[in-house]
Amino acid sequence: MLLKRLSEASGASGDEGEVRSLLKEELALHAEEVTTDALGNLYFKKGIGRKPRVMVVAHMDEVGLMVVGYEKSGLLRVAKVGSIDDRVLASKVVAIGKDRVPGVIGAKAVHLQKPDERTKAIKIDNLYIDLGVRSQEEAEKLVKIGDYGTFTVTAREAGDNCLIGKAFDNRAGCAVLAELLKEEFALELNAVFTVQEEVGLRGAGVAAYRLHPDLALVIETTAAADVVGSKESAYVTKLGDGPALTLMDSTYIAPQQIVDLVVETAEKLNIPYQFRRLTTAGTDAGIISQTHAGILSAVISIPCRYIHSPASIINLDDWQNTLRLARGILNAVAEGGLRLEGIA
Amino acid sequence: MKELLKKLSETYGPSGREAQIARVIREEIKDYVDETYTDNMGNLYAVKKGNGAKIMVAAHMDEIGMIVTHLDDKGFLRFSNVGGLSPHVLLGQRVIFANGSQGTIGMEKLEELNKLTLEKLFIDIGATTKEEASKYVKVGDIATYHREVAVVGNRMIGKAMDNRAGCAVLVKAIQELAITDNEVYAVFTSQEEVGLRGSRVSTYRINPDLGLAVDVTMVGDTPEAPTMSVSLGKGPTVKIKDASVICHPRLKEMLSEIAEKNEIPYQYEVLTAGGTDAGAIHLTKEGIPAGVISIPCRYVHTPGEMVDLEDLEHALKLLKAFLSAPLEMREIFPCHLE
């Protein structure tokens with residue numbers, strides 16, 4: 001399964017090479033043109049010259065760590081790349097750099113903690129990576145300052161058609177994009193795998209500037225908070241209830257015609273869907289919709305529990321339904337189902 | 001001005017859902033300009049062609065609102081803010097949706113009122129079940145304050161004076177503008193309240209020689225108000241800076257000179273928080289000189305925003321004089337090295 005391989009690949013923001021190579025190898029045959037740019041975005045073009053020109057976007061970077069210093073003891077000081085809850089870091093296995101040097105995010109053992117330390121989360125400043133070496137010199141031979149670390153987790157199927165693993169945000173979206181690229185649409189399809197979303201939507205801005213499409217469809221992964229301790233009104237999304245349409249977040253408000261198009265498409269095709277009930281955080285649509293003189297954008301997301309952690313869960317029916325919905329939206333757009341210029 | 005502002009204030013138009021207010025404004029201006037059009041962000045453009053300086057005037061037409069995030073089994077709606085909302089101001093407010101559905105805002109039981117947050121509030125639209133509620137309102141629908149304008153003395157109270165007051169001034173300016181060589185792009189911008197988004201793309205599209213925003217600003221003339229040297233009724237302001245922009249110094253001087261020449265009262269404005277469309281305009285492309293004319297407004301972002309009609313008339317006079325002034329580009333872009 002491509003999704004499993006994508007999930008297991010290492011690719012923190014700014015270090016997406018492994019994911020880029022995997023996708024390039026997997027998909028080159030399905031496109032008329034494959035290119036990259038200075039930031040590392042990966043573009044596949046299909047149906048060149050057709051109208052409308054549509055950009056379908058999934059970011060390929062994941063949250064991770066960066067080595068920022070050595071201790072004399074050989075332990076590594078690290079910084080976070082993207083937003084990770086400090087509380088999920090301790091005691092996780094990570095792979096560092098191109099050679100995937102293994103290490104553990106270390107913290108004081110429970111026996112040695114003072115009572116008040118046990119009740120507090122350990123901050124990133126007090127966490128370190130232990131490579132199992134005994135000196136700075138040995139550590140320097142294995143990893144360099146600036147090397148990236150990512151969680152090492154084998155993706156596995158679980159429960160009721162679910163998948164456990166890391167980096168579903170947004171390799172699950174990448175996998176949807178990969179499937180779309182294998183299909184035929186009556187429009188110019190630009191599948192773009194963007195970089196550095198997790199650190200501020202950086203890849204998508206330049207990609208949208210370069211392509212200047214008529215429409216952008218962003219495939220994302222979003223939090224499912226349908227768990228203990230949440231009220232139903234705070235679930236954000238519910239695992240298994242289908243793809244979630246973004247209405248508003250910190251970076252973007254969905255135009256009414258986009259809401260109508262997505263809802264009508266889902267209902268016509270009998271695809272379960274839900275609305276993302278959170279108005280904070282952001283996606284690539286935030287920057288894309290503000291590029292050039294404004295680009296019409298839509299965001300649909302795969303619900304994901306424990307997002308931004310080494311052990312997330314997605315439901316494969318949700319994934320499949322996100323693919324179906326994206327396909328339906330592209331077909332509707334190809335058939336002229338969206339007014340592409342002007343809202344009022 | 002009074003009737004126009006009343007109409008604009010009472011029209012529905014939160015950020016991202018500006019179609020209704022855009023239609024109302026287009027009706028008012030379409031016979032006075034060479035063309036009108038809209039774009040993907042919901043901006044409304046009105047162009048008066050000319051061979052002189054290319055001037056963009058932005059007045060944002062969006063207002064703050066509440067976006068529905070959840071309908072519960074008993075028909076109550078949970079919501080989040082669209083733009084800057086205070087939970088304390090919201091308590092007990094009447095709200096209205098695009099389709100005319102109305103509701104009131106209630107709160108959960110609360111021990112201490114200062115712990116009130118938006119999560120503790122809900123909208124009650126009179127429905128008793130989720131099914132009934134969903135006939136009127138869907139997740140993602142956006143409500144605004146529902147409030148009729150009141151005229152009190154020479155002042156007006158209502159919702160969305162931020163920034164329908166600016167829109168009213170720009171509409172009147174278009175209707176009454178003297179013949180000029182300048183090419184004027186009046187843009188009624190979208191999504192200002194959520195981050196100057198409409199003005200960013202419209203400036204990119206127009207690429208003007210200079211940009212001017214017309215918006216409201218806060219005042220410091222009410223009891224125990226935060227210190228600010230702007231008062232209601234003492235004329236429009238020429239903005240010096242806010243959190244989004246330091247206005248171009250030459251533009252600031254030009255506005256002041258024009259005000260003085262035409263005996264228009266004006267105030268200088270330094271707003272320590274908040275921003276306006278000029279913040280996006282001046283950073284577009286390789287940088288565009290930008291300035292702001294503001295209309296003083298009390299109780300900003302409440303349903304009881306108050307403006308003074310004299311201030312609006314003077315803002316209109318200043319804007320018209322500026323737009324028809326012969327503008328030498330060398331004057332607007334002084335070479336700092338010369």
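In this predicted model, eight strands of chain B form an open sheet with mixed pairing, in the order 1-2-12-3-13-16-14-15; strands (E, at least two residues) and helices (H or I, at least four) are DSSP runs numbered from the N terminus, and two strands pair if DSSP finds at least two bridges between them. Strand 1 (35–38) and strand 15 (267–270) of chain B sit at the edges with a single partner strand each, so one side of each has no neighbour in the sheet. Ignoring direction, neighbouring strands are turned by 25° against each other on average; axes are lines fitted to C-alpha atoms, for helices over the stretch in contact, and angles run from 0 to 180 degrees between N-to-C directions.

Residues are numbered from 1 along each chain as its sequence is written, while chains are lettered from A and ligands numbered from 1 in the order in which they are written. As the model is predicted, local features need pLDDT of at least 70 and side-chain atom pairs count only at pLDDT 80 or more, whereas totals for chains, interfaces and linings use all residues.

Within the sheet, strand 13 (residues 210–217) and strand 16 (residues 290–296) of chain B run parallel, joined by seven bridges. Leu212(B) has Gly291(B) in strand 16 as its bridge partner. Helix 6 (residues 197–206) of chain B packs on the sheet, touching strand 2 (44–48), strand 3 (54–60), strand 12 (183–189) and strand 13, and its direction makes about 155° with that of strand 12. Contact here means C-beta atoms, placed from the backbone, within 7 Å. Helix 9 (residues 309–324) of chain B also packs on the sheet, touching strands 3, 12, 13 and 16, at about 160° to the direction of strand 16.

Terms used. Contact = placed C-beta atoms within 7 Å.
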